[in-house]
Amino acid sequence: MNLNLKEHEVWFVTGSQHLYGSETLKKVAEHSREIAKALNVAPAIPVQVVFKPVMVSPDAVTDLCQAANNANTCAGLITWCHTFSPSKMWINGLKQLRKPICHLHTQYNRDLPWRTIDMDFMNMNQAAHGDREHGFIMSRMRLSRKVIVGFWHEEATQQKIGAWTRAAAAWADWQGAKFVRFGDNMREVAVTEGDKVAAQMRFGYSVNTHGVGDLVKVVNAVTETDVDALIKEYEATYTVTAALKRGGNRHKSIREAARIEIGLRAFLKGGHFKGFTTTFEDLHGLVQLPGLAPQRLMAENYGFAGEGDWKTAALVRAMKVMASGLKGGTSFMEDYTYHLAPGNKVVLGAHMLEICPSIADGKASLQVHPLGIGGKADPARLVFNTPAGPALNAALMDFGNRFRLLINEVDCITPPADMPKLPVARAVWKCRPNFADACAAWIYAGGAHHTGFSQAVTTEMLEDFGAMAGIEVVVVDADTKLRQFKQELLWNDCAHSLKSGWVS
Ligand code: MN
């Protein structure tokens with residue numbers, strides 16, 4: 001199920017100045033319009049790219065930045081200086097800008113006309129130095145932004161812009177978003193805790209708790225007709241054994257799971273929530289721990305995490321937005337258990353129940369099994385493997401003076417054997433750069449056991465997203481050297497402690 005990223009616009013803004021006269025400025029506008037149009041239809045860019053008039057004065061820049069702040073549809077600005085645009089005229093506007101910014105360092109003309117080049121050509125194609133002036137002021141103002149260098153027609157350039165626009169769409173989606181927790185964090189767990197006020201100030205979303213009784217009331221109001229209809233959908237979509245079908249001895253468990261799913265969806269829709277958490281420690285009045293319901297709701301792009309882990313629930317939602325329309329799924333995940341054979345060390349990722357079927361390799365199997373914890377009736381869940389291919393795990397931790405976003409690039413493998421006795425969905429992966437260094441790096445970085453897992457979201461998107469949020473981003477990938485990584489953590493600690501004193 002795809003979200004519509006075309007609801008988001010990025011504004012294409014070209015810097016110039018009055019100096020050149022109206023004929024040149026007309027040409028600048030024409031060229032900019034052409035570039036904006038090409039980016040708007042580029043398959044790699046999922047949002048709308050909207051041309052804006054060429055900036056030639058301080059007031060115009062200020063008006064533009066204020067308009068961007070006020071436009072709900074505007075997810076960010078792409079700026080470029082075709083000619084020279086003195087940067088002091090950008091200061092007042094950029095000071096007020098509250099939207100993400102991407103500086104595209106490109107040139108309208110790809111090739112130099114070697115035999116005919118004259119001063120007219122030179123004056124029209126000045127990005128090589130115009131964009132340096134533009135870059136200086138953003139560095140001088142300590143503005144977090146993405147710099148993309150490349151010819152605007154090239155696929156590689158458009159891919160980079162596409163990644164940034166996906167991050168910008170996810171960032172826009174977080175602003176004013178609401179996440180609901182049914183119950184608190186799992187008792188005594190540290191990493192799922194965090195400052196919800198700091199998160200709202202930094203990220204723009206709010207997290208509030210509802211007693212599970214509020215949900216139970218909605219679940220209990222679900223009609224048998226609606227339950228019947230949903231069960232038909234289950235039977236059409238998944239492998240379902242006879243025992244779970246109507247007349248089977250475990251059919252009741254499926255009916256309860258369907259009732260919980262319908263109730264949860266109604267609650268989320270009614271409250272305009274974009275994600276939720278549950279906890280097995282607080283299920284009063286619910287017959288089962290919700291398993292099938294979070295799985296299916298994640299597939300509808302709701303953020304979710306277990307045990308009250310609201311930071312991961314919000315992150316999963318953001319990753320769902322970034323991934324929209326791309327091949328490969330995105331899910332809540334937990335590093336669960338290891339295979340430690342020499343030369344073939346792999347991680348088996350899973351959770352008690354709640355893995356999103358968007359990462360299923362083929363048709364999922366609907367099953368009911370006992371659950372050791374929670375003290376409730378046997379819950380329903382979808383069971384499946386995850387296809388081989390590149391993926392990543394991302395975690396968001398609260399370090400008191402900042403949030404840290406940690407990413408590990410991994411490679412999913414086809415499980416080496418069937419696991420007929422394992423009653424949960426799972427993914428099996430190899431870590432980059434290798435098992436020992438990846439796990440050590442993750443642990444040095446205080447990485448959570450809960451993650452957002454994706455076979456669609458890229459490190460580049462998450463780095464862009466982290467830059468928009470102004471938080472720390474650390475990456476464990478094929479190039480990671482543990483010694484250097486430990487130093488990076490130390491330097492980041494110092495930098496983020498100093499950062500509050502920066503003048504911006
Ligand atoms: Mn967990």
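**Loops, backbone angles and pockets**

Me: R142 lies in the loop between helix 5 (127-140) and strand 5 (146-149); why is R142 counted as partly exposed?

Reply: The model is a predicted one, in which local features need pLDDT of at least 70 and side-chain atom pairs count only at pLDDT 80 or more, whereas totals for chains, interfaces and linings use all residues. Residues are numbered from 1 along each chain as its sequence is written, and side-chain values use heavy atoms, with hydrogens and water left out. A residue is buried under 20% relative accessible area, exposed over 50%, and partly exposed in between (1.4 Å probe, protein chains only). R142 has 47% relative accessibility, and therefore counts as partly exposed.

Me: What makes the loop around R142 a stretch between two elements?

Reply: Helices (H or I, at least four residues) and strands (E, at least two) are DSSP runs, numbered from the N terminus, and R142 falls between the runs 127-140 and 146-149.

Me: How do you know whether the peptide bond from R432 to P433 is cis or trans?

Reply: Its omega is near 5 degrees, and the bond is cis; most peptide bonds are trans. P433 sits in the loop between strand 17 (426-431) and helix 13 (435-444).

Me: What makes a region of about 1800 Å³ a pocket?

Reply: A pocket is an open set of points on a 1 Å grid over the protein atoms alone where a 1.4 Å probe fits, with protein on both sides within 12 Å along at least five of seven lines, and lining residues have an atom within 4 Å of a point. Grid points are joined across faces, edges and corners, and the volume is the space filled by probe spheres set on the points. The largest pocket has a volume of about 1800 Å³, and among the 50 residues that line it, the closest to its centre are R202, A467, M468, A469 and G470. Helix 14 gives the most to this lining, with 6 residues.
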